[in-house]
Amino acid sequence: MSNRYTPARLGIEIVAMLVALAWCIPFYYLLIVAVKPNTEVFTDPMGWPSEIVLGNFAEAWAGTMGVSIGQALLNSAIITLGSVFVLIAVGAVTAYVVARSRALVSLAMFSFFVVGLILPHQLAVVPLFAAMRSLGLVGNHLGMIVLYSGLMMPMAIFLYAGFVRTIPKDYEEAAEVDGAGRGRIFWKVVFPLLRPVTATVAIMTGMIIWNDFFNQVIFLSGSDVQTLPVAIYGFVGEFTARWNMVFAVVLVAIAPVLGFYLFAQKQLIEGFTGGIKG
């Protein structure tokens, strides 16, 4: 039986650990600065704080510019969860139809969605803003959910379609023999099998929506609906020299996404791999 830890394997593991440590440096810096006193932020930014100041989080939670972090967190959660729900419900059905159909129109639709992944939507932000304003979809949760559902739909369909193609049709044929309709076959048979790629879609699109600043600062400007990225931007403007406050609110912003990723990382990897193979 060969020794597992050959020199080559040991070297690879050492390099992997060094890379992992390098990736942890920004998080270490973010954490220690968030709990530092004001006097140590610039005098000893990388060192361990002489006093852990948890009051930075309480002060940061109060917010700035009339918007509390709690309200911004709630707004971000509503927009992100609403958009992800629409992406999963509509994207899964659309991808199933496109992947299972052999008609040329289905191939053309899939190509259309792939093009949507490539083209930057920023090119059409001005007419898009004008159209949404005329429909009353600027400055509210519904408008942002509609916007993100449209922008992220090509990615959702691309991932779902690739995964659906890896699922054998035997399950669907057996359900059809038992008299199940096409809709019931999808929701009762196919959709439960899409759990890995559903987690992938939820995490990837959710992270993009949660962290997006460009669209939120444009389509929510001047309204009471402010999200975390916009609130953090306000912190940078007001507390220019107090990076402990800025980093504290950044930690609050990344905590939900990081927690969800750690919870569903296995499904994320399985779904992404299945989509690539398809």
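Which way, left-handed or right-handed, does helix 8 pass helix 9 in their crossing? I started there, and helix 8 crosses helix 9 in a right-handed manner. (A crossing is left-handed if the near helix is turned anticlockwise from the far one by less than a right angle, right-handed if clockwise.)

Ground rules first. This is a predicted model, where local features need pLDDT of at least 70 and side-chain atom pairs count only at pLDDT 80 or more, while totals for chains, interfaces and linings use all residues. Residues are numbered from 1 along each chain as its sequence is written, and side-chain values use heavy atoms, with hydrogens and water left out.

**Overall fold**

I looked up the secondary structure and got 13 helices and zero strands. (Helices are DSSP runs of H or I with at least four residues, strands are runs of E with at least two, and numbering goes from the N terminus.) The C-alpha atoms fill a box of roughly 70 × 70 × 35 Å along the principal axes.

**Helix 8 and helix 9**

Back to my opening pair: helix 8 (residues 170-177) and helix 9 (residues 182-193) pack at about 145°, axes 10 Å apart. (Axes are lines fitted to C-alpha atoms, for helices over the stretch in contact, and angles run from 0 to 180 degrees between N-to-C directions.) On the helix 8 side I noted Tyr-171, Glu-172, Ala-175 and Glu-176, which meet Arg-182, Ile-185, Val-189, Val-190 and Leu-193 of helix 9. (Contact means heavy atoms within 4.5 Å.) I sorted these contact residues into six nonpolar, no polar and three charged. (Ala, Val, Leu, Ile, Met, Phe, Trp, Tyr, Cys and Pro count as nonpolar, Asp, Glu, Lys and Arg as charged, and the others, Gly among them, as polar.)

**Helix 7 and its partners**

Next I checked helix 7 against helix 10 (residues 195-211): their axes come within 10 Å and cross at roughly 155°. The two are therefore roughly antiparallel. (Under 35 degrees is roughly parallel, over 145 roughly antiparallel, 65 to 115 roughly perpendicular, the rest oblique.) Their crossing is right-handed. Contact residues include Tyr-148, Met-152 and Phe-163 from helix 7, and Val-201, Met-204 and Ile-208 from helix 10. The contact has 13 nonpolar residues, three polar and no charged.

Helix 4 (residues 69-100) also packs on helix 7, at about 40° with axes 6 Å apart. That makes helix 4 oblique to helix 7. I counted 20 nonpolar, seven polar and one charged residue in this contact.

**Largest pocket**

Last, I looked at the largest pocket, with a volume of about 490 Å³. (On a 1 Å grid over the protein atoms alone, a pocket is an open set of points where a 1.4 Å probe fits, with protein on both sides within 12 Å along at least five of seven lines; lining residues have an atom within 4 Å of a point. Points are joined across faces, edges and corners, and volume is the space filled by probe spheres set on them.) Of its 22 lining residues, Gly-116, Leu-119, His-121, Leu-151 and Pro-154 are the closest to the centre. Helix 7 gives the largest share, seven residues. The lining splits into 16 nonpolar, five polar and one charged.
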